[in-house]
Amino acid sequence: MTDYGHELEFGIFPSPDADRLHETLAMAEAADVGGLDLVTIQDHPYQAKHLDAWTLLSVIAARTTSVRVAPNVANLPLRPPVVLARSVATLDQLSGGRAELGLGTGAFWDAIVAAGGPRRTPGEAVEALEEAIAVIRALWSGRGSVTLDGDHYPVRGLHAGPVPAHDVGIWVGAYKPRMLRVTGRLADGWLPSLGYAAPETLSAMNATIDEAAEKAGRSPVDIRRLYNIHGRFGSGGGLLEGQPRDWAEQLAEITLDQGMSTYILAVSSLDDVERFAAEVAPLTRELVDTERARAAVQPKAPEAAAPTRGETLEVRATQAPRTDVPADVWDESTRPSAPVDPDERFTATQQATGQHLVDVHDHLRGELERLRDVVEQVAAGETDAGRARNIINELTMRQNNWTLGAYCASYCRVVTGHHTLEDRSVFPHLRHSDPQLAPVIDRLEAEHHVIHDVLEQVDHALVQMVSGEKGTSVVRDAVDLLGATLLSHLSYEERELIPALSRHGFS
């Protein structure tokens, strides 16, 4: 069982088919709006039906604001490392540090040769990859001139640069032992695909990478484990079939047992992107975070010294802003409270469990601020559109409205998923562990239903705005109500549950 503790990331792998250009761009924009981390594109320069990967990645980077972009993986035999290094560094600078590099030895050698590339044996392909990584890193250093001997990519006195805007990761697609060892020695990440490496085979491959990393004086934790995946939403009981909750449970298990931490989904529709971003990703993060927190507070073997009583509870609930929730929504004065023992003491590991609730809530608070910011951007866009200079044309405003709608839908699903996880898992555990909490949990569950209704109002306001029935103010009012109720609820939940979670854990 191997969990490297990496923060989870999620991305997509849309097709670069030329006849699906607009769909591919729409899916990339939906990934950006939905809060995903990556958009990756396969690179087969000999494929007549495919758009050029680097040109497409550049356009995607220009049309998005936060997702990182990467080839999955760059075809080294047809992408000389000097040109590749400078292409990546350029895109990284232009995108504000959002380029990464997936790198492969090449495949389909007949097609590569037909396109003017070399034919290499498996051994030569691995050697060429090692040389290419050395060339790329030397050019990215930006220091002096580069001279590297090599059978495949010799470099003689070439000036280094440009330097990327951030430390670009080199992720290697590898399956065979020799390539896995190269990954452990040289790469920042390992990028296999589900179709070639089933979950049950990952452990042995990871072990090979880890052993090579340690022999090279590296920590296995330095190597991120990425995974290209595919599946379908709906019915079915197999791997990555069924409902988003089923996907989340399976991906969480792969993370905790096999150490994979970045999941890149092959997508063919906007619906796939939105469900993966809005439901699968947040649920998977919650499941993994919960299990990691629980593992961190597992009781250790007794020591010779007497156990400490711990300290007073230092984790504090975040105070909500002084924004009164309307009386027709709920009455805060009727909220019950759990009994408090001022003399109770908690160990550091117990307090970490209570802090985890605050950390999860802080993510939701941050997303709420992003939602408000998007609303204000649209409001400003509408004002500009009315000016004579016509800086923002109608098409841009339609795109802004679509983006706001997609983002709001994503945020609403994140909040709903968080509450569903509490209702189905944490709350029953606390009811069983501490019956005195029952009135508090009843109230929290009731407020979850109220917040669900408020989320529906946000969605309705969006429909009115996009249809032209109402202006942006109706969305701003709905989001203000969401902010008042959600922030009040999160603060109340922390005040009542931090001591209980510190005492009893999550399950």
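Just after helix 12, Gly-468 takes a positive phi of about 90°. Helix 12 itself covers residues 438–466 in this predicted model. Its 29 residues should span 42 Å at 1.5 Å a residue, and the end C-alpha atoms are 43 Å apart, which agrees.

Two further helices are also followed by a glycine of positive phi. Helix 13 is followed by Gly-505, with phi near 80°. Helix 8 is followed by Gly-259, with phi near 85°.

Helix 13 runs over residues 472–504 and holds 33 residues. From first C-alpha to last it reaches 45 Å, close to the 48 Å expected at 1.5 Å a residue. The helix is not straight throughout: a bend of about 45° falls at Leu-497. A proline, Pro-499, follows that position within four residues. Helix 13 is mostly covered, with 25 of its 33 residues buried.

Helix 8 spans residues 244–258 and has 15 residues. Its end-to-end C-alpha reach is 20 Å, close to the 21 Å expected at 1.5 Å a residue. Buried residues of helix 8 include Pro-244, Trp-247, Ala-248, Gln-250 and Leu-251. Ala-252, Ile-254, Thr-255, Leu-256 and Gln-258 of helix 8 are buried as well.

Helix packing was examined next. Two packed helices are described by the angle between their axes and the distance between the axes. The axes of helix 5 (residues 122–141) and helix 6 (residues 177–186) come within 10 Å. They cross at roughly 15°. Angles under 35 degrees count as roughly parallel, and helix 5 and helix 6 are therefore roughly parallel to each other. Their crossing is right-handed. On the helix 5 side, the contact involves Gly-123, Val-126, Glu-127, Leu-129, Glu-130, Ile-133 and Arg-137. These residues meet Arg-178, Met-179, Val-182, Arg-185 and Leu-186 of helix 6. An α-helix has 3.6 residues a turn, so residues three or four places apart point the same way.

Helix 6 also packs against helix 7 (199–215). The axes of helix 6 and helix 7 come within 7 Å and cross at roughly 50°. That makes helix 6 oblique to helix 7. The crossing of this pair is right-handed. Helix 6 contributes Pro-177, Leu-180, Arg-181, Thr-183, Gly-184 and Arg-185 to the contact. Helix 7 contributes Met-205, Thr-208, Ile-209, Ala-212 and Ala-213.

Most residues other than glycine have a negative phi, and most peptide bonds are trans. Phe-108 has a positive phi, near 55°, and is not a glycine. It sits in the loop between strand 5 and helix 4 (109–114). At 55% relative accessibility, Phe-108 counts as exposed. Leu-240 likewise has a positive phi, of about 55°, although it is not a glycine. Its loop joins strand 11 (232–233) and strand 12 (241–242). At 1% relative accessibility, Leu-240 counts as buried.

Cis peptide bonds occur at two loop positions described here. The bond from Asn-72 to Val-73 is cis, with omega near 0°. Val-73 lies between strand 3 (68–71) and strand 4 (74–75). The bond from Gly-161 to Pro-162 is also cis, with omega near -5°. Pro-162 lies between strand 7 (155–159) and strand 8 (170–172).

Two other loop residues are buried. Ala-99 occupies the loop between helix 3 (81–94) and strand 5 (101–104). Its relative accessible area is 0%, and Ala-99 is therefore buried. Beyond residues up to four places away in sequence, Ala-99 touches Val-69, Val-88, Leu-91, Asp-92, His-166 and Val-168. Ala-99 and Ala-165 are 66 residues apart in sequence, yet 8.9 Å apart in space, C-alpha to C-alpha.

Ser-193 is placed in the loop between strand 9 (189–190) and helix 7. With a relative accessible area of 16%, Ser-193 is buried, because the cut-off for burial is under 20%. Neighbours within four places in sequence aside, Ser-193 is in contact with Tyr-175, Tyr-227 and Asn-228.

Notes
Residues are numbered from 1 along each chain as its sequence is written. This is a predicted model: local features need pLDDT of at least 70, side-chain atom pairs count only at pLDDT 80 or more; totals for chains, interfaces and linings use all residues. Side-chain values use heavy atoms; hydrogens and water are left out. Buried means under 20% relative accessible area, exposed over 50%, partly exposed in between (1.4 Å probe, protein chains only). Contact means heavy atoms within 4.5 Å. The expected span of a helix is 1.5 Å times one less than its number of residues. The bend at a residue is the angle between axes fitted to the seven residues ending there and the seven starting there. Axes are lines fitted to C-alpha atoms, for helices over the stretch in contact, and angles run from 0 to 180 degrees between N-to-C directions. Angles under 35 degrees count as roughly parallel, over 145 as roughly antiparallel, 65 to 115 as roughly perpendicular and the rest as oblique. A crossing is left-handed if the near helix is turned anticlockwise from the far one by less than a right angle, and right-handed if clockwise.
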